[in-house]
Amino acid sequence: MTWLLAMLLAVPCLVSAPPSAWGITEETEAKISDAQRQIEESAAAYDAAVARLAELEQQTADNEQRIAELEEELPEQQERSDEAVTVLYKMNREGRSLINMVLASESITDFLVRVDYLTRYQDRNLEAIRALAAMREELEATRASLDAARAEAEQQQAAAESSLAAAQQAREEAQRQAQEEARREREAQEAARKAAEEAAAKKAAEEAAAQEAEQEAPDEEAEAPEEVPSTSASDDGADWSSDKASFVEQWAPRINRYLSGSPLAGTGETFASAAWDYGVDPRWSPAISAVESSKGAACFRPHNAWGWGNASWGSWEEAINAHVSGLARGYGYTLSESAAKKYCPPNWQHWYDRCAEEMNSI
């Protein structure tokens, strides 16, 4: 029994209740806030616009390369075509008719050979002319495609910038609200601490007065104030005014350093990308993994490093995205007292302090 108790204390929410008991019910899932929906939609729109822009840039590069090749080949083909036109003109002018070939032929076989030769000769020259026309047509079509791709790329660039601006605004608002909530919680904790201290002092004074009246030594021990979280997570300092690539570049190395040597090592980019997509403090999910499973070392379900109900996943990438999404939808932007009470009801204060400590170390 001793080892079981030690494990439960080390991993406080390993046997936590299923998602419905945490408040992540189907009804809650269906009532995602407008702000969270905007974050997810803007992230998806931004990713789609950036991906399409990359495709168009590749198409533009391919078109430009083909245009360069055609422009390089065109003078030589033009020369071959000019020569073909000259040959055909001379053939017509010299009157190489069937009657002339019959008269010049020594036999029917000779005649057929002459006809075949002239036909092939004429077809080769005509093919040179047709090749020039086809090359010019392809050049014009490729230029038109290039212009269209560039125009669409400009539209996609504008769409990406618009989606990025919406994503940045939504995330900054979520961050501001989280910081405001954290400030209110600190103030509430301080007020609760002061009230508890005042109540304890008052009670001690009353007991001392009563004891003095009975001519007994006063008992200076006072009832301990209600315990409140002693640690809070510092502001994350996330720069939501940057684009996704810059955000991931900022946070992935920090998370990777934090997770170094653990089963989750090397997943910093996935954590950072998911944080961007769902508008969540990028430190929160990695910190929970440390509290719940020693950064993935003690998962009670496959790839479940967060004590997340009875869920299991096939990869860390799938698991990280599911967990960060769940945090965004059920618990808010970052660690808070209310989130701790929902995530780990039996031992929320210890869980809160541990998470805050881990987050501050990232």
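## Exercises on salt bridges and helix packing

**Exercise 1.** In this predicted model, the side chains of Arg-143 and Glu-71 meet in a salt bridge, with 2.5 Å from N to O. Work out which helices the pair links.

*Solution.* The pair joins distant parts of the chain, since Arg-143 belongs to helix α6 (residues 108–213) and Glu-71 to helix α4, and the two are 72 residues apart. Arg-143 has 30% relative accessibility and therefore counts as partly exposed, and Glu-71, at 39%, also counts as partly exposed.

**Exercise 2.** Decide whether Lys-244 is buried or exposed, and find its salt-bridge partner.

*Solution.* Begin with the place of Lys-244, which lies in helix α7 (residues 244–259). Its relative accessible area is 13%, and because buried means under 20%, Lys-244 is buried. Next, Lys-244 forms a salt bridge with Asp-277, where the closest N and O atoms are 3.0 Å apart. This pair, too, links distant parts of the chain, with Asp-277 in helix α8 (residues 268–278), 33 residues from Lys-244. Asp-277 counts as buried at 15% relative accessibility. Finally, salt bridges that share partners join Asp-47, Lys-244 and Asp-277 into one network.

**Exercise 3.** Describe how the axes of α7 and helix α9 (residues 284–293) are arranged, and classify the residues in contact.

*Solution.* The two axes come within 11 Å and cross at roughly 5°; because angles under 35 degrees count as roughly parallel, α7 is roughly parallel to α9. From α7, the contact is made by Ile-255, Tyr-258 and Leu-259, and from α9 by Pro-286, Ala-287, Ser-289 and Ala-290. Sorted by class, this contact has six nonpolar residues, one polar residue and no charged residues.

Notes: Residues numbered from 1 in each chain as written. Predicted model: local features only at pLDDT ≥ 70, side-chain atom pairs only at ≥ 80, totals over all residues. Heavy atoms only, no water. Helix = DSSP H or I, 4+ residues; strand = E, 2+ residues; numbered from the N terminus. Buried < 20%, exposed > 50% of the residue type's maximum accessible area, 1.4 Å probe, protein only. Axes fitted to C-alpha atoms, helices over the stretch in contact; angles between N-to-C directions. Parallel < 35°, antiparallel > 145°, perpendicular 65-115°, else oblique. Contact = heavy atoms within 4.5 Å. Nonpolar A, V, L, I, M, F, W, Y, C, P; charged D, E, K, R; others polar. Salt bridge = Lys/Arg side-chain N within 4 Å of Asp/Glu carboxyl O.
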